[in-house]
Amino acid sequence: MINILTSSYDFGEGELREKLLDYINDSMKVVVIPFSHSQQKMPTVSEYDRYCNKGGEYYELIAEQFSKLGVSDSNIDIVHYYNDDLNVMKRKISSSDVIFLTGGLPDKAMERLREKGLVDIIKSFKGIVMGASAGALIQLPEYFCTPDKDYTEFSFYKGLGLTSSDFYIEVHYEGSPLKNEFPILKEKNKIIYAISDESGLIYNGDNIEVIGNVIKIDD
């Protein structure tokens with residue numbers, strides 16, 4: 001498995017695009033798993049479809065970026081949270097080369113992956129697992145969320161465990177002194193890769209490749 005962790009939905013641009021072209025090509029099939037939505041924003045199937053299904057705002061944003069990597073719309077599928085049963089979800093995942101995990105609320109994404117029985121299926125996947133923001137965070141064994149409009153306090157959460165446990169990531173990084181602001185991070189004694197937008201990491205068998213503006217915090 002190869003893991004691609006980006007801060008935002010701009011992986012078809014600039015330095016990220018140039019690097020990802022080494023991993024993704026026009027023959028690959030991509031499955032998007034949009035499970036990180038806010039229940040308040042998408043309370044019904046019709047609202048979910050309006051954002052996440054083909055033609056929806058979030059889907060089109062992701063598909064546009066993949067098109068810049070050569071992946072056509074016909075090679076992109078969606079695991080539908082409401083409409084697909086487990087067998088359909090498994091078939092869509094097993095027939096794909098790339099899993100894409102969407103941004104949004106990481107704890108909700110993990111809750112829904114567990115609910116649908118997809119955690120072990122993703123962990124046994126042999127291709128590329130890619131995610132932006134929340135979809136990057138949940139690939140780690142443990143991740144943290146710093147306070148923002150969605151999370152009122154600093155908290156740790158259990159992720160999928162697709163990478164080693166030697167590091168954390170912070171997405172949408174804007175230069176805050178993380179280990180001074182949140183002393184528990186010093187106690188954890190792990191490296192933090194602070195990823196700005198338009199940047200990311202590629203994790204491949206304990207080898208970490210930094211792309212763009214990523215700060216390594218290890219003191």
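Helix axes here are lines fitted to C-alpha atoms, taken over the stretch in contact, and angles between them run from 0 to 180 degrees between N-to-C directions. Keep that in mind for the helix pair below. The model is a predicted one.

**Helices H2 and H3**

- H2 and H3 pack with their axes 3 Å apart, at an angle of about 25 degrees.
- Angles under 35 degrees count as roughly parallel, and H2 and H3 are therefore roughly parallel to each other.
- On the H2 side, the contact is made by Arg-50, Tyr-51 and Cys-52, which meet Glu-57, Tyr-58 and Tyr-59 in H3.
- Sorted by class, this contact of H2 with H3 has four nonpolar residues, two charged ones and no polar ones.

- Searching the whole structure turns up two cavities of 30 Å³ or more.
- The second largest cavity holds about 30 Å³ of space.
- Its lining is made up of Val-32, Pro-34, Tyr-51, Cys-52, Tyr-58, Tyr-59, Ile-62 and Thr-102.
- Helix H2 (45-52) and helix H3 (57-67) are the elements that give two or more residues to the lining of this second largest cavity.
- H3 gives the most to that lining, with three residues.
- The class count for the lining of the second largest cavity is seven nonpolar, one polar and no charged residues.

**The largest cavity**

- The largest cavity comes in at a volume of about 40 Å³.
- Around the largest cavity you'll find Ile-33, Phe-35, Ser-36, Leu-101, Thr-102, Ala-109, Leu-113, Ala-134, Gly-135 and Ile-138.
- Two helices, H5 (106-115) and H7 (134-137), each supply at least two residues of the lining of the largest cavity.

- Strand S10 (residues 200-204) and strand S11 (residues 207-211) run antiparallel, joined by five bridges.
- Asn-204 has Asn-207 in S11 standing opposite.
- S10 and S11 form a hairpin, with two residues between the strands.
- In the turn, Gly-205 has a positive phi of about 60 degrees.

Conventions:
Residues are numbered from 1 along each chain as its sequence is written. This is a predicted model: local features need pLDDT of at least 70, side-chain atom pairs count only at pLDDT 80 or more; totals for chains, interfaces and linings use all residues. Side-chain values use heavy atoms; hydrogens and water are left out. Two strands pair if DSSP finds at least two bridges between them. Helices (H or I, at least four residues) and strands (E, at least two) are DSSP runs, numbered from the N terminus. On a 1 Å grid over the protein atoms alone, a cavity is a set of points where a 1.4 Å probe fits but cannot get out, and a pocket is an open set with protein on both sides within 12 Å along at least five of seven lines; lining residues have an atom within 4 Å of a point. Grid points are joined across faces, edges and corners, and a volume is the space filled by probe spheres set on the points. Ala, Val, Leu, Ile, Met, Phe, Trp, Tyr, Cys and Pro count as nonpolar, Asp, Glu, Lys and Arg as charged, and the others, Gly among them, as polar. Angles under 35 degrees count as roughly parallel, over 145 as roughly antiparallel, 65 to 115 as roughly perpendicular and the rest as oblique. Contact means heavy atoms within 4.5 Å.
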